[in-house]
Amino acid sequence: MATAVTYRRQCAEAISAYSGTGYFHGRPWLRVLFEDVPRELFTPDRVWWHRRDETGRYPVLDRHRQPDEWLKAVYTPDAALITQIADGAVRIEDGPTEASDFTASISCPAVVVDMLGCLSPRPGQRILEIGTGTGYSTALMARRIGPSNVVSVENQPTLAERAERNLKRDLGRAPLIVTADGEEGYLPRAPYDGVLSTACVYQVPPAWLQQTKAGGVIVTPLATPWGPDSLVRLVCDGQGGADGELVKPIYFMKVRGQRERLKPWKELGWPLWSSYRISVAADGPASIRTAP
Ligand SMILES: C[S@@+](CC[C@H](N)C(=O)[O-])C[C@H]1O[C@@H](n2cnc3c(N)ncnc32)[C@H](O)[C@@H]1O
């Protein structure tokens, strides 16, 4: 059985080999960071695999029963491991399930790398994260900018507590983990140089825009009228508005308060992602337009 370090290095190699833009390309610091953080420390002992098996159910991976399969899954570049279904109503002890209303996961390594690359936080900057989950992306960010410069908001107390324990084990001390509705941001530490949301929105919450400095960056998955969500990078104007780009298609679970929200935009047809720009007005919804 290979060690975690070996699997982590292989995972980094695979992400480096991806031909798309983003990932580690042009960002050597990000690869060093990725190879430094023990993702296995943040992964629960039992998780659901993100794809159905031949019986149509999501299988469970158990660290103690299948140590090698579990570790390989932890370091599969495009595998998000599911840590909660239906807000905990589906129990992992009950084994494989057909239920697909995923409400928490440890996001897949390639997507976490892409999101951090998109944000590109610099040491010393102050960043607000939404959706602490297991604490994995929080750990990467804390290593980059310093634990005291990260605030991470998670609305589920049990997840927030577990993430805090994981972060203390990994870093010696945890960044500030706040149990609250992330759509409200976190005013006491504002303004931020950037916001990273690891849960998807239909509407960018006004608090994120208001709590980010002029020139600061918001990176978030945003629901689109096209099927997949989009990774979005917005530059804030410091007055509650922002302008930016649709980076690439991704799939993400929605923030709790926006699970049922209807898509606000009319159907636009299947897009060439890079041909659109996005604006968010201080007093209105996001609008997508064709880039000039
Ligand atoms: C994809 S998971 C986050 C993955 C995490 N960053 C990691 O590395 O493990 C999304 C998380 O967002 C949380 N979440 C959903 N809605 C939220 C809200 N309104 N405020 C704060 N957290 C929220 C979920 O509970 C879940 O833990």
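The model is predicted. Helix 2 (residues 28-36) packs against helix 1 (residues 4-17), against helix 6 and against helix 5, and helix 2, helix 5 (109-119) and helix 6 (136-145) each give at least two residues to the lining of the largest cavity.

**Helix 2 with helix 1**

- Two packed helices are described by the angle between their axes and the distance between the axes.
- For helix 1 and helix 2, the axes come within 9 Å and cross at roughly 150°; because angles over 145 degrees count as roughly antiparallel, the two helices are roughly antiparallel to each other.
- The crossing of helix 1 and helix 2 is right-handed, and the contact involves R8, R9, C11, A12, E13, I15 and S16 on the side of helix 1, with R31, F34 and E35 on the side of helix 2.
- By class, the residues of this contact between helix 1 and helix 2 comprise 4 nonpolar, 1 polar and 5 charged.

**Helix 2 with helix 6**

- Helix 2 and helix 6 have axes 10 Å apart and pack at an angle of about 125°, and they are therefore oblique to each other.
- The crossing in which helix 2 passes helix 6 is right-handed, with W29, L33, F34 and D36 of helix 2 meeting Y136, L140, R143 and R144 of helix 6.
- The contact of helix 2 with helix 6 is made up of 5 nonpolar, no polar and 3 charged residues.

**Helix 2 with helix 5**

- The axes of helix 2 and helix 5 come within 11 Å and cross at roughly 140°, and these helices are therefore oblique to each other.
- Helix 2 and helix 5 also form a right-handed crossing, in which W29, L30 and F34 of helix 2 are in contact with P109, V113, L116 and G117 of helix 5.
- Sorted by class, the residues of the contact of helix 2 with helix 5 are 6 nonpolar, 1 polar and no charged.
- F34 takes part in the contact with helix 1, in the contact with helix 6 and in the contact with helix 5, while W29 is listed in the contact with helix 6 and in the contact with helix 5.

**The cavity**

- Rolling a probe the size of a water molecule over the atoms shows where empty space is left.
- The structure holds 1 cavity of 30 Å³ or more, and the volume of the largest cavity is about 30 Å³.
- The lining of this largest cavity consists of L30, F34, P109, V112, V113, L116, Y136 and L140, which by class are 8 nonpolar, no polar and no charged residues.
- Helix 5 contributes the most to the lining of the largest cavity, with 4 residues, and helix 2 and helix 6 each supply at least two.
- Among the cavity-lining residues, L30 and F34 of helix 2 and P109, V113 and L116 of helix 5 also belong to the contact between those helices, and Y136 and L140 of helix 6 belong to the contact with helix 2.

**The second largest pocket**

- The second largest pocket contains about 150 Å³ of space, and the residues that line the pocket are P44, D45, R46, T83, Q84, I92, T158, L159 and R162.
- The classes in the lining of the second largest pocket are 3 nonpolar, 3 polar and 3 charged.

**Backbone details**

- Most residues other than glycine have a negative phi, and most peptide bonds are trans.
- The peptide bond joining A190 and P191 is cis, with omega about 5°, and P191 is found in the loop between strand 7 (176-179) and strand 8 (192-197).

Note on methods:
Residues are numbered from 1 along each chain as its sequence is written. This is a predicted model: local features need pLDDT of at least 70, side-chain atom pairs count only at pLDDT 80 or more; totals for chains, interfaces and linings use all residues. Side-chain values use heavy atoms; hydrogens and water are left out. Axes are lines fitted to C-alpha atoms, for helices over the stretch in contact, and angles run from 0 to 180 degrees between N-to-C directions. Angles under 35 degrees count as roughly parallel, over 145 as roughly antiparallel, 65 to 115 as roughly perpendicular and the rest as oblique. A crossing is left-handed if the near helix is turned anticlockwise from the far one by less than a right angle, and right-handed if clockwise. Contact means heavy atoms within 4.5 Å. Ala, Val, Leu, Ile, Met, Phe, Trp, Tyr, Cys and Pro count as nonpolar, Asp, Glu, Lys and Arg as charged, and the others, Gly among them, as polar. On a 1 Å grid over the protein atoms alone, a cavity is a set of points where a 1.4 Å probe fits but cannot get out, and a pocket is an open set with protein on both sides within 12 Å along at least five of seven lines; lining residues have an atom within 4 Å of a point. Grid points are joined across faces, edges and corners, and a volume is the space filled by probe spheres set on the points.
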